[in-house]
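Keep the structure open as you read.

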Amino acid sequence: CCLISMQSAMITCRLPHRMFNSQPQSSFLHPPMPQEGCKQRTTSCARACSRGRAIPLHSSRLFLRGGFSWSWGRSVLGNALPTARMIFWGHPSTSAAEYEGDRQEGEDEAISNSDAHVQRRNVSDLGGDEEFSRIEILRRQRAEFHARREQRLAKIAAGESGLGKVRQHVNPLGPHFRTPIKAPDWKEVYEHPEQDLHIDLGCGKGRLLFELAGMNKDMNYLGVEIRELLVARADRWTREEGRRNCCFVYGNINVSVESLLSSYPGKIRMVSVLMPDPWFKKRHQKRRLLQPELVQQLGEMMPQGAQFFVMSDVKECAESMIEIMDASPLFDNWDGKWIESPLPIATEREGSCMSRGESIYRALYTRL
């Protein structure tokens with residue numbers, strides 16, 4: 001995609017993906033040429049701008065999914081872009097294209113991402129009162145979005161509302177997941193904050209930790225989840241049952257290890273990564289939960305003899321986690337054998353896979 005901005009106006013139109021050839025791209029500078037319908041539509045927008053006509057508000061950006069080259073842009077738009085500047089906003093052949101599908105993830109997130117883009121832009125680059133009014137609209141929409149979200153979270157926490165629709169895949173590299181998680185007041189969260197801690201990364205609905213906390217009062221349990229609605233409901237469960245050895249926090253653990261765990265008064269006895277999102281596409285694998293930096297940071301905080309448990313129903317994902325763990329000098333190496341679960345109960349997905357006779361891949365590491 002490209003964003004073309006001019007000093008006096010913004011040429012914008014949405015171009016359907018079918019208007020482009022589906023041939024693979026060899027390089028960014030020589031993309032396949034768009035079809036004739038796309039040229040005509042783009043040229044009409046350029047003519048409208050050059051003649052001083054208003055361009056519809058819904059045409060806010062020029063998205064060229066098939067690629068864009070400066071020479072092609074000049075041939076299509078002609079003299080309408082005498083002082084245009086191109087800002088590369090992503091392309092299928094670059095790493096920025098990993099966010100290609102994220103624009104389709106829903107209206108609320110689109111509002112949030114649009115406002116994040118507005119904040120990054122320099123106000124001096126904006127062209128006229130229309131641009132300022134659109135920015136104010138985006139900011140107002142984001143404020144309304146956050147107000148609605150807070151109301152929904154409050155209703156879930158109070159038990160007045162169910163979860164409704166919850167996203168199954170969340171991009172942890174989004175701009176709203178770059179803020180580290182703040183550590184809670186451990187003395188208020190846990191009845192005995194000095195007890196050993198079991199951390200479940202990507203705890204999902206939190207049922208596993210909730211049940212473990214009821215079975216073992218001598219250990220504290222901390223669940224980290226990137227979907228806030230699930231955290232709100234799991235926290236309600238712990239309050240209703242009065243389980244003072246279980247806590248759930250919302251955020252991205254990959255940017256929060258130090259801020260969240262450095263102040264914990266006890267020892268981290270176990271870390272578990274159970275059935276994480278596999279992110280099958282190669283360009284999406286950097287979104288996977290377990291990363292070498294995360295293993296290194298957690299390993300430095302874990303005492304000798306602490307355990308790191310990984311599990312997946314996708315063999316490729318399990319092998320990827322094994323490779324990352326084996327590369328760390330802080331943990332012993334895998335012996336090549338898949339093990340039975342060291343936990344007394346199974347996760348929901350684990351139980352579902354086992355009931356269908358599917359394989360589960362588990363490995364347990366010990367801190368050296």
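Start with H10, whose 13 residues reach 18 Å from first C-alpha to last, close to the 18 Å expected at 1.5 Å a residue. That expected span is 1.5 Å times one less than the number of residues in the helix. Helices (H or I, at least four residues) and strands (E, at least two) are DSSP runs, numbered from the N terminus. Bear in mind that this is a predicted model: local features need pLDDT of at least 70, side-chain atom pairs count only at pLDDT 80 or more, and totals for chains, interfaces and linings use all residues. Residues are numbered from 1 along each chain as its sequence is written, and side-chain values use heavy atoms, with hydrogens and water left out.

Several H10 residues are tucked away: Cys317, Ala318, Ser320, Met321, Ile322, Ile324 and Met325 are buried. Buried here means under 20% relative accessible area, exposed over 50%, and partly exposed in between (1.4 Å probe, protein chains only). What do the buried residues of H10 pack against? Their partners are strands E8 (268-274), E9 (307-312) and E10 (361-366), plus helix H9 (292-301).

Leaving out residues up to four places away in sequence, Gln291 touches Asn254, Gln285, Lys286 and Ile324. Gln291 sits in the loop between E8 and H9, and counts as buried because its relative accessibility is 17%.

Now for the cores. A nonpolar core is a set of buried Ala, Val, Leu, Ile, Met, Phe, Trp, Tyr and Cys residues joined through side-chain atoms within 4.5 Å. The largest one has 38 residues, and Leu201, Leu222 and Phe308 have the most contacts inside it. H10 (residues 315-327) gives this core its largest share, 5 residues. A second, separate core of 21 residues includes Leu209, Phe309, Cys353 and Ile360. Back at Leu222, the contacts beyond four places in sequence include Trp186, Tyr190, Leu209, Cys247 and Val249.

Cys247 itself is buried, at 7% relative accessible area, and Cys353 is buried too, at 1%. How many disulfides does a search of the whole structure find? It finds 0, a disulfide being a pair of cysteine sulfur atoms within 2.5 Å. For Cys247, the closest cysteine sulfur is in Cys246, 7.4 Å away, so the two are too far apart for a bond.

For a contrast, look at Gly164, in the loop between helix H4 (129-157) and helix H5 (186-189). Gly164 counts as exposed, because its relative accessibility is 63%. Its C-alpha is 9.9 Å from that of Arg152, 12 residues apart along the chain.

Zooming out, the protein has 11 helices and 10 strands, and 47% of its 368 residues count as buried. Among contacts between residues at least 6 apart in sequence, 79% join residues at least 24 apart.

Finally, a word on confidence. The mean pLDDT (the predictor's confidence in each residue, from 0 to 100) is 74, and 64% of residues reach 70 or more. Confidence is highest in E9, at 98, and lowest in strand E4 (residues 85-88), at a mean of 34. Over residues 1-127 the pLDDT is below 50, though this stretch has 187 contacts in the model beyond near neighbours in sequence. Where pLDDT is low, the predicted coordinates should not be read in detail.

Key
Contact means heavy atoms within 4.5 Å.
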